Amino acid sequence: SKRAWSWKEDYREVVSDAVRRSKEGSVRAPLRIRVLTYNILANRLAEEHYWQLYQGIPKWILDFNFRLRNLCAELELSKPDVVCLQEVEGFEQVSKALGGLGFVGEFVPRTGLPEGCATFWRSDAFRAVRTERVEFADHDLKQNVAIVHRLRSKEASDNRCLWVANIHVLFNPKRGDIKVAQCRVLLDTCKALMAEHEGDRDLAVCGDFNSAPNSGVYEFVRTGALDCLRHDRRYLSGQVEGICVGAGSPRAASARETNCFRLPQSELAEEEEATTSSRAEEESATGGGGGRTRKKRNVGNPNKWSAENLRVATGEPGCGVATHPLDLRSAYVSVTGSEPDYTSAHRRFLGTVDYIWHTPSLRPLSALLPVPWEVLSRYYGGGLPNKWWPSDHMSLCCDFLWTGPEVTKWANGYYR
């Protein structure tokens, strides 16, 4: 089934206005750029979680060579200018395949693991002039990574630059404090990098955020602030709020549960450690751990935040509000009015966790919609991958109108 494009209702007016303002000299000549983000499912993880997530899907569909060919076919159809990939394993093989389509790129592996994030761009459209690798292990925030690029346009005569950030946030649904912290570190990094170049303001932030729409993590990215104590730390990612599960599962008919995932034992132990820390602080504050105190411990801390959890999320001891300095919008919300119905589907989860965020200077024009669920559900119960779509995620792809920074008329010329 072909995927459909959704166009912003007033896209013609947006383009016409940009052309008019360009002729007047108030903005640079508009360009259309297409940005795609895709968690392509690492081969190691496909094999490791086969019985839990992909049971019933033929093994030949999960073969990485087969999936890589389908990835290239998808990129040939969607024709993006910038591609942000997560769970890239075997970067040399992926880079060679995408190189045949005219892309060049760079890769940062997860700390101590073979898969990671890779960002590619059309070599005839952009040239990378700055690369910043973000390893969250350097901040004691697990093994996840992000990568930030400053890409200079080869098509525009004014040397305008586009910043692109690519992130894969921690999976563990019950460690929302770490998810917020990873987003905070990345967005702080983007702001600091852009501040080094006066006039730079065009940024796209793409990736798998492992957080549902309207969750605390989503709210943090969208608004720039999160009052942590108003949210239950264990459910901050929204992946445990009764989201439909069961793609490809016999439970698909009922498909509403309090927790979409059965956590690996290591992550269960980590969550118990975090909860125990919170509980110990409560009992210390109330003067002991007697039975009566334990029964009332949630009165003072119903949302399970310890002082350490708050420090992790906010980056500041004694602070309860996490903030970041960027004004970000969701490209899909700008175009369609809402996030996609889903971006990931397998036996234990059906929901939206991937996003394309942008600064207001980039104007979204169109967005590529996921395959309708009624179509996807015909194949292996709706579970991904299948013989057409090579990952357990759907790619997201958006067109932006890019005018670069506004210019101010001065004397006989222009300056930023």
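**View 1. The largest nonpolar core of the predicted model contains 44 residues.** A nonpolar core is a set of buried Ala, Val, Leu, Ile, Met, Phe, Trp, Tyr and Cys residues joined through side-chain atoms within 4.5 Å. Buried means under 20% relative accessible area, with a 1.4 Å probe and protein chains only. The residues with the most contacts inside this core are Leu85, Leu98, Phe120 and Phe126. Leaving aside neighbours within four places in sequence, Phe126 is in contact (heavy atoms within 4.5 Å) with residues including Ile33, Val82, Trp121, Leu151, Leu162 and Trp402. Asp81, Arg152, Ser153 and Lys154 are also among its contacts. Another core, of 39 residues, lies apart from the largest one and includes Ala181, Cys183, Leu236 and Trp357. This is a predicted model, in which local features need pLDDT of at least 70 and side-chain atom pairs count only at pLDDT 80 or more, while totals for chains, interfaces and linings use all residues. Residues are numbered from 1 along each chain as its sequence is written, and side-chain values use heavy atoms, leaving out hydrogens and water.

**View 2. Strand β2 (residues 31–39) and its partners β17 and β3.** Strands are DSSP runs of E with at least two residues, and helices are runs of H or I with at least four, both numbered from the N terminus. Two strands pair if DSSP finds at least two bridges between them. Eight of the nine residues of β2 are buried, so the strand is largely enclosed by the rest of the structure. With β17 (residues 396–402), β2 pairs in the antiparallel sense over seven bridges; Ile33 stands opposite Phe400 there. With β3 (residues 82–88), β2 runs parallel and is joined by five bridges; Tyr38 stands opposite Leu85 in β3.

**View 3. An open, mixed sheet of six strands.** The strand order is β6-β7-β8-β9-β15-β12. β6 (126–135) and β12 (329–330) stand at the edges with a single partner strand each, so one side of each has no neighbour in the sheet. Strands β9 (residues 203–208) and β15 (residues 354–358) run antiparallel and are joined by five bridges. Within this pair, Gly207 has Tyr355 as its bridge partner.

**View 4. Helices α5 (residues 64–78) and α6 (residues 91–99).** Their axes, lines fitted to C-alpha atoms over the stretch in contact, come within 10 Å and cross at roughly 35°, with angles running from 0 to 180 degrees between N-to-C directions. Phe64, Asn65, Leu68, Leu71, Cys72 and Leu75 in α5 meet Gln93, Val94, Ala97 and Leu98 in α6.

Key:
Buried means under 20% relative accessible area, exposed over 50%, partly exposed in between (1.4 Å probe, protein chains only).
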